[in-house]
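Hi,

Here is the structure I promised to pass on. Have a look at it first; my notes follow below.

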Amino acid sequence: MTNQNNNKKKWFTLAVLILGGGTVFKLPWLKDAFYIPMMDYFHLTHTQIGFTLSVYAFIQTFGYLISMYVADRFSKKKLMPVALIGIGGTGFYLTTFPSYYEILVIWGLFALFAEIAFWPVLIKSVRLLGDSNEQGRMFGYLEAGRGIVDTVIAFAALGIFKWLGEGVAGFRGAILFFSITMIVIAIILYFLLEEDEIKEVDEQGEKVNKNKVALKGALKAIKMPEIWVVAFTIFSVYSVYIGLTYFVPFLKDIYGVPVALIGVYGIINSYGLKMLGGPIGGFLADKKFKSPSKYLRVAFAASIIGMIIFILLPHQHLNVYVGVTFTLAYGAIIFSQRAVFFAPIEEVGIPREISGAAVSIACLVGYAPSMFAFTLYGSMLDRSPGMEGYRHVFLTMIAFAVIGLLISSYLVKIVNKKKELQQNLEGNQFNA
(Lines give C-alpha, C1' and ligand atoms only; values in the text may rest on other atoms or scores of the structure.)
Protein backbone atom coordinates (compact mmCIF):
# COMPACT_ATOMS: atom_id res chain seq x y z
CA MET A 1 0.00 0.00 0.00
CA THR A 2 1.35 3.47 -0.88
CA ASN A 3 2.10 6.17 1.70
CA GLN A 4 -0.79 8.22 0.32
CA ASN A 5 -3.24 5.37 0.83
CA ASN A 6 -1.86 4.75 4.32
CA ASN A 7 -2.35 8.41 5.12
CA LYS A 8 -5.94 8.41 3.87
CA LYS A 9 -6.69 5.29 5.87
CA LYS A 10 -5.18 6.82 9.02
CA TRP A 11 -7.28 9.99 8.89
CA PHE A 12 -10.41 8.07 7.94
CA THR A 13 -9.95 5.79 10.95
CA LEU A 14 -9.43 8.83 13.20
CA ALA A 15 -12.68 10.33 11.87
CA VAL A 16 -14.54 7.11 12.67
CA LEU A 17 -13.06 7.03 16.18
CA ILE A 18 -14.08 10.67 16.72
CA LEU A 19 -17.65 9.74 15.80
CA GLY A 20 -17.73 7.24 18.66
CA GLY A 21 -15.80 9.47 21.06
CA GLY A 22 -18.21 12.36 20.51
CA THR A 23 -21.31 10.33 21.39
CA VAL A 24 -20.30 7.87 24.11
CA PHE A 25 -20.76 10.26 27.06
CA LYS A 26 -24.09 11.83 26.07
CA LEU A 27 -26.25 9.59 28.29
CA PRO A 28 -23.84 9.29 31.27
CA TRP A 29 -23.65 13.11 31.30
CA LEU A 30 -27.34 13.66 30.61
CA LYS A 31 -27.28 16.40 33.28
CA ASP A 32 -25.26 18.70 31.00
CA ALA A 33 -28.32 19.54 28.92
CA PHE A 34 -31.19 18.03 30.94
CA TYR A 35 -30.44 18.69 34.61
CA ILE A 36 -33.88 20.18 35.36
CA PRO A 37 -35.84 17.44 33.43
CA MET A 38 -33.85 14.84 35.41
CA MET A 39 -35.13 16.42 38.61
CA ASP A 40 -38.70 16.80 37.31
CA TYR A 41 -39.24 13.42 35.61
CA PHE A 42 -36.83 11.10 37.45
CA HIS A 43 -37.93 12.82 40.69
CA LEU A 44 -34.34 13.33 41.82
CA THR A 45 -33.01 15.93 44.26
CA HIS A 46 -29.70 17.77 43.80
CA THR A 47 -28.10 15.39 46.30
CA GLN A 48 -29.44 12.31 44.49
CA ILE A 49 -28.09 13.54 41.14
CA GLY A 50 -24.75 14.21 42.85
CA PHE A 51 -24.75 10.70 44.37
CA THR A 52 -25.61 9.19 40.98
CA LEU A 53 -22.50 10.86 39.52
CA SER A 54 -20.47 9.71 42.52
CA VAL A 55 -21.49 6.10 41.81
CA TYR A 56 -20.36 6.63 38.22
CA ALA A 57 -17.01 8.13 39.33
CA PHE A 58 -16.41 5.31 41.86
CA ILE A 59 -16.95 2.54 39.27
CA GLN A 60 -15.02 4.57 36.67
CA THR A 61 -11.96 4.89 38.90
CA PHE A 62 -11.72 1.30 40.07
CA GLY A 63 -12.91 0.00 36.71
CA TYR A 64 -9.69 1.22 35.12
CA LEU A 65 -7.96 -1.61 37.01
CA ILE A 66 -10.10 -4.04 34.96
CA SER A 67 -9.54 -2.14 31.72
CA MET A 68 -5.77 -2.63 32.11
CA TYR A 69 -6.48 -6.21 31.10
CA VAL A 70 -9.51 -5.68 28.84
CA ALA A 71 -8.07 -2.91 26.62
CA ASP A 72 -5.18 -5.05 25.33
CA ARG A 73 -7.01 -8.40 25.40
CA PHE A 74 -9.86 -7.61 22.99
CA SER A 75 -9.95 -5.79 19.65
CA LYS A 76 -11.40 -2.26 19.33
CA LYS A 77 -13.61 -3.59 16.53
CA LYS A 78 -15.56 -5.57 19.15
CA LEU A 79 -15.11 -3.56 22.35
CA MET A 80 -16.17 -0.15 21.09
CA PRO A 81 -19.41 -1.23 19.35
CA VAL A 82 -20.36 -3.44 22.33
CA ALA A 83 -19.81 -0.50 24.69
CA LEU A 84 -21.98 1.87 22.62
CA ILE A 85 -24.75 -0.71 22.21
CA GLY A 86 -24.57 -1.36 25.96
CA ILE A 87 -25.09 2.33 26.74
CA GLY A 88 -27.79 2.72 24.07
CA GLY A 89 -29.65 -0.38 25.28
CA THR A 90 -29.49 0.81 28.89
CA GLY A 91 -30.78 4.18 27.68
CA PHE A 92 -33.94 2.49 26.38
CA TYR A 93 -34.65 1.23 29.91
CA LEU A 94 -34.05 4.76 31.20
CA THR A 95 -37.04 5.95 29.16
CA THR A 96 -39.32 3.93 31.51
CA PHE A 97 -38.33 6.50 34.19
CA PRO A 98 -37.18 3.88 36.73
CA SER A 99 -36.80 4.31 40.49
CA TYR A 100 -33.85 6.10 42.13
CA TYR A 101 -32.08 2.84 43.03
CA GLU A 102 -32.51 1.52 39.49
CA ILE A 103 -31.03 4.81 38.21
CA LEU A 104 -27.98 4.24 40.43
CA VAL A 105 -27.54 0.80 38.81
CA ILE A 106 -27.98 2.31 35.33
CA TRP A 107 -25.25 4.90 35.95
CA GLY A 108 -23.02 2.12 37.23
CA LEU A 109 -23.58 0.29 33.92
CA PHE A 110 -22.87 3.50 32.00
CA ALA A 111 -19.49 3.71 33.78
CA LEU A 112 -18.70 0.08 32.93
CA PHE A 113 -19.46 0.52 29.24
CA ALA A 114 -18.13 4.07 28.69
CA GLU A 115 -15.07 4.18 30.94
CA ILE A 116 -13.87 0.58 31.03
CA ALA A 117 -14.82 -0.86 27.64
CA PHE A 118 -14.66 2.28 25.48
CA TRP A 119 -12.47 5.21 26.59
CA PRO A 120 -9.06 3.50 27.19
CA VAL A 121 -9.54 1.59 23.92
CA LEU A 122 -10.24 4.85 22.08
CA ILE A 123 -7.10 6.55 23.47
CA LYS A 124 -5.01 3.47 22.73
CA SER A 125 -6.31 3.36 19.14
CA VAL A 126 -5.50 7.05 18.55
CA ARG A 127 -1.99 6.58 19.93
CA LEU A 128 -1.35 3.63 17.61
CA LEU A 129 -2.59 5.58 14.56
CA GLY A 130 0.22 8.15 14.57
CA ASP A 131 3.99 8.07 14.86
CA SER A 132 5.98 9.90 17.55
CA ASN A 133 6.00 13.18 15.56
CA GLU A 134 2.23 13.53 15.23
CA GLN A 135 0.87 12.46 18.62
CA GLY A 136 0.02 16.04 19.60
CA ARG A 137 -2.00 16.66 16.45
CA MET A 138 -3.71 13.25 16.64
CA PHE A 139 -5.00 13.90 20.15
CA GLY A 140 -5.69 17.56 19.33
CA TYR A 141 -7.89 16.61 16.37
CA LEU A 142 -9.61 13.96 18.50
CA GLU A 143 -10.51 16.58 21.12
CA ALA A 144 -11.66 19.12 18.53
CA GLY A 145 -13.64 16.49 16.57
CA ARG A 146 -15.32 15.25 19.72
CA GLY A 147 -16.29 18.85 20.47
CA ILE A 148 -17.98 19.20 17.07
CA VAL A 149 -19.82 15.86 17.23
CA ASP A 150 -20.73 16.52 20.87
CA THR A 151 -22.21 19.92 20.01
CA VAL A 152 -24.21 18.72 17.00
CA ILE A 153 -25.77 15.79 18.89
CA ALA A 154 -26.46 17.87 22.01
CA PHE A 155 -28.27 20.57 20.04
CA ALA A 156 -30.19 17.94 18.02
CA ALA A 157 -31.43 16.39 21.28
CA LEU A 158 -32.41 19.82 22.59
CA GLY A 159 -34.29 20.40 19.33
CA ILE A 160 -36.24 17.16 19.81
CA PHE A 161 -36.97 18.10 23.43
CA LYS A 162 -38.38 21.45 22.31
CA TRP A 163 -40.24 19.99 19.32
CA LEU A 164 -42.07 17.51 21.57
CA GLY A 165 -43.24 20.20 23.95
CA GLU A 166 -40.38 20.51 26.46
CA GLY A 167 -42.17 18.11 28.82
CA VAL A 168 -42.04 14.43 29.68
CA ALA A 169 -42.47 13.41 26.01
CA GLY A 170 -39.63 15.70 24.97
CA PHE A 171 -37.32 14.32 27.67
CA ARG A 172 -38.14 10.74 26.67
CA GLY A 173 -37.62 11.65 23.01
CA ALA A 174 -34.19 13.14 23.74
CA ILE A 175 -33.07 10.00 25.62
CA LEU A 176 -34.37 7.79 22.79
CA PHE A 177 -32.47 9.95 20.28
CA PHE A 178 -29.22 9.53 22.24
CA SER A 179 -29.80 5.75 22.54
CA ILE A 180 -30.62 5.19 18.86
CA THR A 181 -27.71 7.42 17.75
CA MET A 182 -25.25 5.38 19.82
CA ILE A 183 -26.52 2.07 18.46
CA VAL A 184 -26.34 3.34 14.86
CA ILE A 185 -22.78 4.61 15.40
CA ALA A 186 -21.86 1.28 17.03
CA ILE A 187 -22.95 -0.51 13.84
CA ILE A 188 -20.95 1.97 11.71
CA LEU A 189 -17.85 1.41 13.89
CA TYR A 190 -18.19 -2.37 13.64
CA PHE A 191 -18.11 -2.29 9.84
CA LEU A 192 -15.47 0.45 9.43
CA LEU A 193 -12.90 -0.34 12.11
CA GLU A 194 -10.23 -2.96 11.52
CA GLU A 195 -9.35 -5.75 13.92
CA ASP A 196 -6.38 -5.07 16.23
CA GLU A 197 -3.33 -7.23 15.83
CA ILE A 198 -3.31 -9.24 19.06
CA LYS A 199 -0.24 -11.39 19.58
CA GLU A 200 -1.03 -15.09 19.16
CA VAL A 201 2.48 -16.59 18.90
CA ASP A 202 5.71 -15.81 20.79
CA GLU A 203 9.19 -15.15 19.40
CA GLN A 204 9.74 -18.92 19.04
CA GLY A 205 6.57 -19.31 16.99
CA GLU A 206 4.72 -21.10 19.82
CA LYS A 207 1.02 -20.34 20.34
CA VAL A 208 0.51 -18.11 23.38
CA ASN A 209 -2.39 -17.76 25.81
CA LYS A 210 -4.01 -14.34 25.09
CA ASN A 211 -5.25 -13.96 28.68
CA LYS A 212 -1.76 -14.52 30.06
CA VAL A 213 -0.26 -12.10 27.53
CA ALA A 214 -2.78 -9.38 28.52
CA LEU A 215 -2.14 -9.89 32.25
CA LYS A 216 1.62 -9.94 31.72
CA GLY A 217 1.34 -6.68 29.75
CA ALA A 218 -0.70 -5.08 32.57
CA LEU A 219 1.93 -6.05 35.16
CA LYS A 220 4.69 -4.76 32.89
CA ALA A 221 2.89 -1.42 32.55
CA ILE A 222 2.44 -1.09 36.33
CA LYS A 223 6.19 -1.52 36.84
CA MET A 224 7.13 1.24 34.37
CA PRO A 225 7.76 4.53 36.29
CA GLU A 226 7.40 6.58 33.08
CA ILE A 227 3.67 5.74 32.91
CA TRP A 228 3.13 7.02 36.45
CA VAL A 229 4.91 10.30 35.65
CA VAL A 230 2.60 10.80 32.64
CA ALA A 231 -0.41 9.83 34.81
CA PHE A 232 0.39 12.43 37.50
CA THR A 233 0.94 15.08 34.81
CA ILE A 234 -2.63 14.36 33.62
CA PHE A 235 -3.75 14.47 37.29
CA SER A 236 -2.39 18.02 37.60
CA VAL A 237 -4.01 19.25 34.36
CA TYR A 238 -7.35 17.68 35.32
CA SER A 239 -7.29 19.26 38.80
CA VAL A 240 -6.88 22.72 37.25
CA TYR A 241 -9.43 21.89 34.52
CA ILE A 242 -12.13 21.16 37.12
CA GLY A 243 -11.52 24.63 38.56
CA LEU A 244 -12.70 26.15 35.24
CA THR A 245 -16.26 25.17 36.29
CA TYR A 246 -16.19 27.92 38.91
CA PHE A 247 -15.55 30.72 36.42
CA VAL A 248 -19.30 30.57 35.68
CA PRO A 249 -20.55 31.45 39.20
CA PHE A 250 -17.55 33.82 39.57
CA LEU A 251 -18.67 35.92 36.60
CA LYS A 252 -22.25 35.95 37.88
CA ASP A 253 -21.41 36.73 41.54
CA ILE A 254 -18.51 39.16 41.13
CA TYR A 255 -19.11 40.75 37.72
CA GLY A 256 -22.91 40.51 37.76
CA VAL A 257 -23.01 38.92 34.30
CA PRO A 258 -26.65 38.46 33.18
CA VAL A 259 -28.04 34.90 33.09
CA ALA A 260 -28.46 35.01 29.28
CA LEU A 261 -24.80 35.91 28.78
CA ILE A 262 -23.76 33.28 31.32
CA GLY A 263 -25.55 30.70 29.12
CA VAL A 264 -23.57 31.80 26.06
CA TYR A 265 -20.38 31.77 28.13
CA GLY A 266 -21.17 28.21 29.29
CA ILE A 267 -21.57 26.96 25.70
CA ILE A 268 -18.30 28.61 24.60
CA ASN A 269 -16.53 27.33 27.72
CA SER A 270 -17.78 23.74 27.30
CA TYR A 271 -17.73 23.27 23.53
CA GLY A 272 -16.00 26.22 21.83
CA LEU A 273 -12.76 25.98 23.81
CA LYS A 274 -12.59 22.23 23.22
CA MET A 275 -12.82 22.74 19.45
CA LEU A 276 -10.30 25.60 19.58
CA GLY A 277 -7.86 24.24 22.18
CA GLY A 278 -7.50 20.80 20.57
CA PRO A 279 -5.90 21.80 17.23
CA ILE A 280 -3.90 24.64 18.79
CA GLY A 281 -2.46 22.39 21.51
CA GLY A 282 -1.69 19.66 18.97
CA PHE A 283 -0.01 22.05 16.55
CA LEU A 284 2.12 23.72 19.22
CA ALA A 285 3.12 20.37 20.74
CA ASP A 286 4.20 18.84 17.40
CA LYS A 287 5.40 21.78 15.33
CA LYS A 288 6.53 24.51 17.72
CA PHE A 289 7.90 22.63 20.73
CA LYS A 290 8.50 19.30 18.92
CA SER A 291 7.39 17.57 22.10
CA PRO A 292 4.01 17.30 23.91
CA SER A 293 5.84 17.10 27.26
CA LYS A 294 7.67 20.39 26.64
CA TYR A 295 4.43 22.05 25.58
CA LEU A 296 2.68 20.85 28.75
CA ARG A 297 5.52 22.32 30.87
CA VAL A 298 5.32 25.70 29.13
CA ALA A 299 1.52 25.73 29.38
CA PHE A 300 1.70 25.02 33.14
CA ALA A 301 4.07 28.01 33.52
CA ALA A 302 1.72 30.21 31.45
CA SER A 303 -1.30 29.13 33.53
CA ILE A 304 0.52 29.96 36.80
CA ILE A 305 1.54 33.43 35.61
CA GLY A 306 -1.90 34.06 34.08
CA MET A 307 -3.76 33.11 37.26
CA ILE A 308 -1.48 35.20 39.51
CA ILE A 309 -2.22 38.25 37.32
CA PHE A 310 -5.92 37.38 37.37
CA ILE A 311 -6.04 37.22 41.19
CA LEU A 312 -4.33 40.62 41.49
CA LEU A 313 -6.83 42.38 39.18
CA PRO A 314 -9.36 44.78 40.81
CA HIS A 315 -12.35 42.70 39.67
CA GLN A 316 -15.02 44.84 41.36
CA HIS A 317 -14.00 47.81 39.21
CA LEU A 318 -13.43 46.14 35.85
CA ASN A 319 -15.65 45.88 32.79
CA VAL A 320 -17.49 42.57 32.53
CA TYR A 321 -15.88 41.78 29.17
CA VAL A 322 -12.41 41.92 30.76
CA GLY A 323 -13.45 39.12 33.14
CA VAL A 324 -15.10 37.10 30.35
CA THR A 325 -12.11 37.50 27.99
CA PHE A 326 -9.52 36.65 30.64
CA THR A 327 -11.31 33.53 31.88
CA LEU A 328 -11.88 32.26 28.32
CA ALA A 329 -8.20 32.83 27.48
CA TYR A 330 -7.16 30.96 30.61
CA GLY A 331 -9.59 28.16 29.74
CA ALA A 332 -8.08 27.91 26.24
CA ILE A 333 -4.65 27.19 27.78
CA ILE A 334 -6.05 24.42 29.96
CA PHE A 335 -8.11 22.90 27.10
CA SER A 336 -5.00 22.84 24.90
CA GLN A 337 -3.22 20.90 27.66
CA ARG A 338 -6.14 18.53 28.03
CA ALA A 339 -6.05 17.87 24.28
CA VAL A 340 -2.47 16.53 24.35
CA PHE A 341 -2.01 15.13 27.87
CA PHE A 342 -2.06 11.51 26.65
CA ALA A 343 0.49 12.21 23.91
CA PRO A 344 3.62 11.79 26.14
CA ILE A 345 2.83 8.05 26.41
CA GLU A 346 4.48 7.71 22.99
CA GLU A 347 7.35 10.06 23.88
CA VAL A 348 8.48 8.11 26.93
CA GLY A 349 8.67 4.94 24.87
CA ILE A 350 5.89 2.81 26.33
CA PRO A 351 5.78 -0.37 24.18
CA ARG A 352 2.85 -0.22 21.78
CA GLU A 353 1.64 -3.72 22.69
CA ILE A 354 0.80 -2.55 26.23
CA SER A 355 -0.81 0.75 25.17
CA GLY A 356 -4.20 -0.25 26.58
CA ALA A 357 -2.80 -1.01 30.03
CA ALA A 358 -0.71 2.20 29.97
CA VAL A 359 -3.74 4.33 29.08
CA SER A 360 -5.80 2.65 31.83
CA ILE A 361 -3.17 3.55 34.46
CA ALA A 362 -3.05 7.11 33.11
CA CYS A 363 -6.86 7.33 33.36
CA LEU A 364 -6.94 5.76 36.84
CA VAL A 365 -4.61 8.41 38.29
CA GLY A 366 -5.30 11.25 35.86
CA TYR A 367 -9.07 11.39 36.30
CA ALA A 368 -8.95 10.78 40.09
CA PRO A 369 -9.52 14.53 40.81
CA SER A 370 -13.14 14.03 39.66
CA MET A 371 -13.68 12.19 42.98
CA PHE A 372 -12.56 15.08 45.24
CA ALA A 373 -11.84 18.34 43.39
CA PHE A 374 -15.49 19.41 42.90
CA THR A 375 -16.11 18.91 46.62
CA LEU A 376 -12.86 20.68 47.51
CA TYR A 377 -13.55 23.78 45.38
CA GLY A 378 -17.26 23.84 46.31
CA SER A 379 -16.53 23.69 50.06
CA MET A 380 -14.16 26.66 49.70
CA LEU A 381 -16.95 28.75 48.20
CA ASP A 382 -19.44 27.62 50.87
CA ARG A 383 -17.03 28.40 53.71
CA SER A 384 -15.98 31.79 52.35
CA PRO A 385 -18.70 33.36 50.16
CA GLY A 386 -17.77 36.09 47.69
CA MET A 387 -14.35 37.07 46.37
CA GLU A 388 -12.51 35.48 49.30
CA GLY A 389 -13.83 32.01 48.40
CA TYR A 390 -12.96 32.43 44.72
CA ARG A 391 -9.47 33.58 45.71
CA HIS A 392 -9.04 30.29 47.61
CA VAL A 393 -10.21 28.34 44.53
CA PHE A 394 -7.84 30.20 42.20
CA LEU A 395 -4.88 29.81 44.60
CA THR A 396 -5.59 26.06 44.76
CA MET A 397 -5.60 25.94 40.95
CA ILE A 398 -2.18 27.64 41.02
CA ALA A 399 -0.96 25.04 43.52
CA PHE A 400 -2.03 22.18 41.23
CA ALA A 401 -0.38 23.95 38.26
CA VAL A 402 2.88 24.30 40.23
CA ILE A 403 2.76 20.55 40.99
CA GLY A 404 2.14 19.97 37.28
CA LEU A 405 5.08 22.19 36.34
CA LEU A 406 7.42 20.17 38.59
CA ILE A 407 6.13 16.81 37.32
CA SER A 408 6.18 17.84 33.66
CA SER A 409 9.76 19.15 34.10
CA TYR A 410 10.72 15.69 35.32
CA LEU A 411 8.79 14.23 32.36
CA VAL A 412 10.81 16.37 29.93
CA LYS A 413 13.99 15.13 31.63
CA ILE A 414 12.90 11.50 31.03
CA VAL A 415 12.06 12.25 27.38
CA ASN A 416 15.43 13.96 26.79
CA LYS A 417 17.26 11.03 28.35
CA LYS A 418 15.35 8.56 26.14
CA LYS A 419 16.19 10.59 23.02
CA GLU A 420 19.86 10.77 24.00
CA LEU A 421 20.04 7.00 24.51
CA GLN A 422 18.30 6.42 21.17
CA GLN A 423 20.73 8.74 19.35
CA ASN A 424 23.74 7.01 20.96
CA LEU A 425 22.34 3.62 19.96
CA GLU A 426 21.79 4.73 16.37
CA GLY A 427 25.29 6.27 16.29
CA ASN A 428 26.86 3.03 17.49
CA GLN A 429 24.93 1.02 14.90
CA PHE A 430 26.06 3.42 12.16
CA ASN A 431 29.72 3.21 13.26
CA ALA A 432 29.53 -0.58 13.44
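**Notes on the model**

Leaving aside neighbours within four places in sequence, Lys77 is in contact (heavy atoms within 4.5 Å) with Tyr190, Phe191, Leu193, Glu194 and Glu195. Before I go on: this is a predicted model, where local features need pLDDT of at least 70 and side-chain atom pairs count only at pLDDT 80 or more, while totals for chains, interfaces and linings use all residues. Residues are numbered from 1 along each chain as its sequence is written, and side-chain values use heavy atoms, with hydrogens and water left out.

Back to Lys77, which sits in helix α4, residues 76–94 (helices are DSSP runs of H or I, at least four residues, and strands are E runs of at least two, numbered from the N terminus). Buried means under 20% relative accessible area, exposed over 50%, partly exposed in between (1.4 Å probe, protein chains only). A polar side-chain atom of Lys77 does lie 2.9 Å from the backbone oxygen of Leu193.

Zooming out, the protein chain has 17 helices and zero strands. Its radius of gyration is 22 Å, close to the 22 Å that the globule rule gives for 432 residues, so the chain is as compact as a globular protein of that length (taken over C-alpha atoms; the rule is 2.2 Å times the number of residues to the power 0.38). Of the 432 residues, 53% count as buried.

The largest nonpolar core has 131 residues, with helix α5 (residues 100–129) giving the largest share, 15 residues. Such a core is a set of buried Ala, Val, Leu, Ile, Met, Phe, Trp, Tyr and Cys residues joined through side-chain atoms within 4.5 Å. Leu30 is among those with the most contacts inside this core, and its partners beyond four places in sequence include Met38, Trp107 and Phe171.

Met38, in helix α2 (residues 31–41), is buried, with a relative accessible area of 3%. Among its own contacts are Leu30, Ile49 and Trp107. Met38 and Lys8 are 30 residues apart in sequence and 43 Å apart in space, C-alpha to C-alpha.

Cheers

Definitions and conventions
Polar contact = N/O pair within 3.5 Å; in protein donor to acceptor, adjacent residues only side chain to side chain.
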